[in-house]
Amino acid sequence: MAQKMSQLIGSGGDHVQDPKIKLVDVTKVFKTRSKDIVAVRDVNMEVHPGDFVAILGPSGCGKSTIIRMLNDIIQPSSGEMYIDGQEIVGGKTSKELMKKMGFIFQQPNLFPWLTVRQNVSLPLKVFGLQGKEWEQNVDRLIEMAGLKEYEHAYPAEISGGMMQKAGVIRAMVHEPEILLMDEPFGALDEITREQLDLELLAIWEQTRKTIIFITHEVEEAVLLASRVYVMATNPGRIVAEVEIDLPRPRTLEMIEHERFITYEMELTSMIGKVELRHIK
Ligand SMILES: Nc1ncnc2c1ncn2[C@@H]1O[C@H](COP(=O)(O)OP(=O)(O)OP(=O)(O)O)[C@@H](O)[C@H]1O
């Protein structure tokens, strides 16, 4: 892994490849009846092909707003966003560009009247992808997620962890190059979350998709990411960018290692300092 990343990242941090995702001075202001809320201000971000980037920050710092803008659900008030050099043009983003991304949200949002398999297959319908090859892709992902036994079950018949896994593989079924994950395992218990974190890492090791993973858990960010953007609130903004130089594959045992704990403390103090300054 270290070798692969070093191929992507040249000396002095100069990237040899164009960014997969680029945000330039992105600001989003929500105009409400009583006041204007600056959800994010002047966000600049570059995510390179195969990067696993975490966005870490407290509630309300604008993490979801960034993902929703990339999904073109909402549009920036100013600034630009690019995928592979192509601009995301508010409300008019091409299907081809949207197909490059898979979205995973806090809730799996499975349709209760569809089986696990039918839910997982939905993006294939949306993007008009038919045929044996795509059905085999569904088989492969269901197998990989350990959901074979439950593929004909309805969401109400499976556990929360299984539902979230179904949500993850649904986002991957059309073979997107990018996964945008908004606190995907936040609603689950700690043990299930750790297990799914590890499964996600295994998937990433195999596929090397470009991932943006949103979390407010410092430990989760250090365990998963190669780079962490730290955000603060009022206004939502990026306050630091930290490279996580830990070996891969990552394991849960690493959580006890000194270097892991040092990263955790560093990130925690960054968030803490910002919060304290804000209170003053
Ligand atoms: N549709 C909206 N209208 C008005 N304000 C909004 C809207 N959506 C988000 N906001 C505000 O923008 C700010 C950022 O919200 P956002 O949901 O992006 O934060 P977050 O970091 O993802 O929070 P959490 O971790 O709690 O999900 C908050 O102050 C929120 O109240």
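1. The hairpin. Strands E1 and E2 form a hairpin, with 4 residues between them. Strand E1 covers residues 21-31. Strand E2 covers 36-47. Strands (E, at least two residues) and helices (H or I, at least four) are DSSP runs, numbered from the N terminus. E1 and E2 pair in the antiparallel sense over 8 bridges. Two strands pair if DSSP finds at least two bridges between them. Val29 has Val38 in E2 as its bridge partner. Lys31 has Asp36 in E2 as its bridge partner.

2. The model. This is a predicted model: local features need pLDDT of at least 70, side-chain atom pairs count only at pLDDT 80 or more, and totals for chains, interfaces and linings use all residues. Residues are numbered from 1 along each chain as its sequence is written.

3. Strands of a sheet pair through backbone hydrogen bonds, either parallel or antiparallel.

4. The ligand shell. The ligand is surrounded by 14 residues. The closest are Phe30, Ala39, Ser59, Ser64 and Thr65. A residue is near a molecule or strand if its C-beta atom, placed from the backbone, lies within 6 Å of it. Two elements give two or more residues to this shell: strand E2 and helix H2 (63-70). H2 gives the most, with 3 residues. By type, the shell divides into 4 nonpolar, 9 polar and 1 charged. Here Ala, Val, Leu, Ile, Met, Phe, Trp, Tyr, Cys and Pro count as nonpolar, Asp, Glu, Lys and Arg as charged, and the others, Gly among them, as polar.

5. Helix H2. Of the 8 residues of H2, 7 are buried, so the helix is largely enclosed by the rest of the structure. A residue is buried if 20 or more other C-beta atoms lie within 10 Å of its own, exposed if 12 or fewer, and partly exposed in between; C-beta atoms are placed from the backbone. The buried residues of H2 are Lys63, Ser64, Thr65, Ile66, Ile67, Met69 and Leu70. Ser64 and Thr65 are also among the closest residues to the ligand.

6. After H2. Asp72 follows H2. Asp72 sits in the loop between H2 and strand E4 (78-83). Asp72 is not a glycine, yet its phi is positive, about 65°. Asp72 has 17 C-beta neighbours inside 10 Å and so counts as partly exposed.

7. Asp25 has a phi near 50°, a positive value in a residue other than glycine. Asp25 is found in strand E1. Asp25 is exposed, because 12 other C-beta atoms lie within 10 Å. Most residues other than glycine have a negative phi, and most peptide bonds are trans.

8. Helix H5. Residues 132-144 make up H5, 13 in number. From first C-alpha to last, H5 reaches 18 Å, close to the 18 Å expected at 1.5 Å a residue. The expected span is 1.5 Å times one less than the number of residues. Which residues of H5 are buried? They are Asn137, Leu141 and Ile142. These cover an arc of only 130° around the axis, which puts them on the same side of H5. The arc is that of the directions from the helix axis to the C-beta atoms. On the other side, Lys132, Glu133, Gln136, Arg140 and Glu143 are exposed.

9. Around H5. The buried residues of H5 pack against helix H4 (116-126) and helix H6 (160-172). Contact between two residues means that their C-beta atoms, placed from the backbone, lie within 7 Å. Gly146 follows H5 and has a positive phi, near 70°.

10. Ser94. Ser94 is in the loop between strand E5 (86-87) and helix H3 (95-98). Ser94 counts as exposed because it has 11 C-beta neighbours inside 10 Å. Ser94 and Met144 are 50 residues apart along the chain, and their C-alpha atoms are separated by 30 Å.

11. Cis peptide bonds. Asn234 to Pro235 is cis, with omega near -5°. Pro235 is in the loop between strand E9 (227-232) and strand E10 (237-243). Arg248 and Pro249 are also joined by a cis peptide bond, with omega about 0°. Pro249 is in the loop between E10 and helix H9 (258-279).
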